[in-house]
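Subject: Structure handover

Hello,

Here is the structure for your files. My notes on it follow below.

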Amino acid sequence: MDVIGREDSAGGGDESGGGRPVDGGTGEAEAADGSGSTGPPTVHLGAFLARDGSEGAAVGLDVENPHAAVVFGKRGTGKSYTLGVLAEGLADSPGVAPVVVDPMGVFGGLTAVGGRVMEPRVRPEAIPPAVWPDLVGLDPTSGPGSLLWQVVADAVDGRDDGESPSIDGLRHSVTEADAPAATRRAVGNHLRLADSWGVFDAEAPPVASFARDGKPTVIDLAGVPEAPAAAVVRAVARGLYDARIDGETARLPWLLIDEAHAFFGGVADPALRTLLTRGRAPGVSVVCATQRPGALPSVAVSQSDLLVAHRLTAAPDVERLADAEATYLAGDLAAKLPTGTGEALVVDDATETAHTLRIRRRRTPHGGGSPAASGVDIDAD
């Protein structure tokens, strides 16, 4: 199996074998896949795609080392499907732990490989005190914003070991604060809003626990509003990073984020940028999948060592590929984009090559397909 993302793997395949890379590089990787064979852990991603449409050599993705990656594709071209393929492979690989952020509720099929689908629940302390005003819509420099910041900071600093402050506890502290009644009332109302989101729970499992047994953890954010969803993503992203820094998990986490564009530019942004720019050292990988690459910050592409691009047509999205252009790529990268569903252009910084692949079939149910009117049982209404 040829392996992408691994510096000691030549990658590619010859044209007669159907696996000619878009740019340079031939040879065989000596690693096996991560399903019990010898060699470094490797996820079976698909097969090289020849110019005549036939499949060539099998292609794997290195998961021995941490990576930052982006997966692009317009709706219906296989973006979420590819993310599911990666999650399946990670579930079979030793030493890693996949955590999937699922905004659309389409990754529940991972329970077939031992995964668990979890409701979005995080501890209030997982959000830094300075972030709470922005999270609930308060100006941090205003009276209510300053009070909320201080109340959360005092609750976190003054907690007993093993205890996390609750929203009810924060609200009680606000009522006892030395502040004007109008200020206390405003903060109390905003904390009531945060409580109504249903994502904050002082007894929620620590984020580090998601990575301890290696089983896929799917965070189901379907139907969760934008602000609380961003809070959950921030808590999970930063929690996985801190878990590795603090030695709370031996496994290397992989955070897979579907519709990732929705989480940049807000509360979750700093934590995601931390993984993109500093996640490699502690061993945390991040994969950002989106149908709107033009809405991602350029750092998401420039800091990624792996890019998987399905079909794109919108001009801003195609233009985002310019951030991935490198000196080792000959010609216009956007011109090499595949057109078929399930086909992808993969740009691999480790081997400084680009390849056209056909993503393999999933082994678990995929919930991202579109319903068809012809399949509706109208008599059931």
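Predicted model: local features only at pLDDT ≥ 70, side-chain atom pairs only at ≥ 80, totals over all residues.

Arg-251 counts as partly exposed, at 25% relative accessibility; here buried means under 20% relative accessible area, exposed over 50%, and partly exposed in between, with a 1.4 Å probe and protein chains only. Arg-251 is found in the loop between H6 and E8, where helices (H or I, at least four residues) and strands (E, at least two) are DSSP runs numbered from the N terminus. Leaving aside neighbours within four places in sequence, Arg-251 is in contact (heavy atoms within 4.5 Å) with Gly-95, Val-96, Ala-97, Ala-211, Arg-212, Asp-213, Gly-214 and Arg-244.

Residues are numbered from 1 along each chain as its sequence is written, and side-chain values use heavy atoms, with hydrogens and water left out.

Overall

The chain's secondary structure comes to nine helices and twelve strands. Of its 381 residues, 52% are buried. Among contacts with a separation of 6 or more, 73% are between residues 24 or more positions apart.

The sheet

Twelve strands form an open sheet with mixed pairing, in the order E1-E3-E2-E12-E11-E10-E4-E9-E8-E5-E7-E6; two strands pair if DSSP finds at least two bridges between them. Strand E1 (2–4) and strand E6 (116–118) stand at the edges with a single partner strand each, so one side of each has no neighbour in the sheet. From one strand to the next the twist averages 30 degrees; axes are lines fitted to C-alpha atoms, for helices over the stretch in contact, and angles run from 0 to 180 degrees between N-to-C directions.

Some of the pairings in detail:

- E8 (residues 252–257) and E9 (residues 285–290) pair in the parallel sense over four bridges, and Ile-257 stands opposite Cys-288 in E9.
- E5 and E7 also pair in the parallel sense over four bridges, with Val-99 opposite Thr-217 in E7.
- E6 and E7 run parallel and are joined by three bridges; Val-117 stands opposite Val-218 in E7.

Helix H1 (residues 79–91) lies across strands E2 (42–49), E3 (55–62), E4 (68–72), E5 (96–102), E8, E9, E10 (306–309) and E12 (353–359), and runs at about 165 degrees to E8. H6 packs on the sheet as well, touching E5, E7 (217–220) and E8, and its direction makes about 165 degrees with that of E8.

Cores

A nonpolar core is taken as a set of buried Ala, Val, Leu, Ile, Met, Phe, Trp, Tyr and Cys residues joined through side-chain atoms within 4.5 Å. The largest has 70 residues, and those with the most contacts inside it are Phe-72, Trp-132, Leu-135, Phe-200, Leu-255 and Phe-263. Helix H6 (residues 226–245) gives the most to this core, with ten residues. Apart from it lies another core of 32 residues, among them Val-100, Leu-306, Ala-344 and Leu-357.

Beyond its neighbours within four places in sequence, Trp-132 is in contact with Pro-124, Ile-127, Leu-148, Val-152, Ile-167, Leu-191, Ala-194 and Phe-200. Both Trp-132 and Phe-200 are buried.

Rings of Phe, Tyr and Trp (its six-membered ring) pair if their centres lie within 6.5 Å, and planes under 30 degrees apart count as stacked, over 60 as edge-to-face and the rest as tilted. By this rule the count comes to one aromatic pair. Trp-132 and Phe-200 form a tilted pair, at 4.9 Å centre to centre and 40 degrees between the planes. The pair links distant parts of the chain, with Trp-132 in helix H2 and Phe-200 in the loop between H5 and E7, 68 residues apart.

In helix H4 (residues 167–175), Ile-167, Leu-170 and Val-174 are buried. They cover an arc of only 60 degrees around the axis, taken from the directions to the C-beta atoms, which puts them on the same side of H4. The buried residues of H4 pack against helix H2 (132–136), helix H3 (143–157) and helix H5 (181–196).

Positive phi

Glu-259 has a positive phi, near 50 degrees. Glu-259 lies in the loop between E8 and helix H7 (269–278) and is buried, with a relative accessible area of 11%. Phi of Glu-352 is also positive, near 55 degrees. Glu-352 lies in the loop between strand E11 (343–348) and E12 and is partly exposed, at 46% relative accessible area.

Regards
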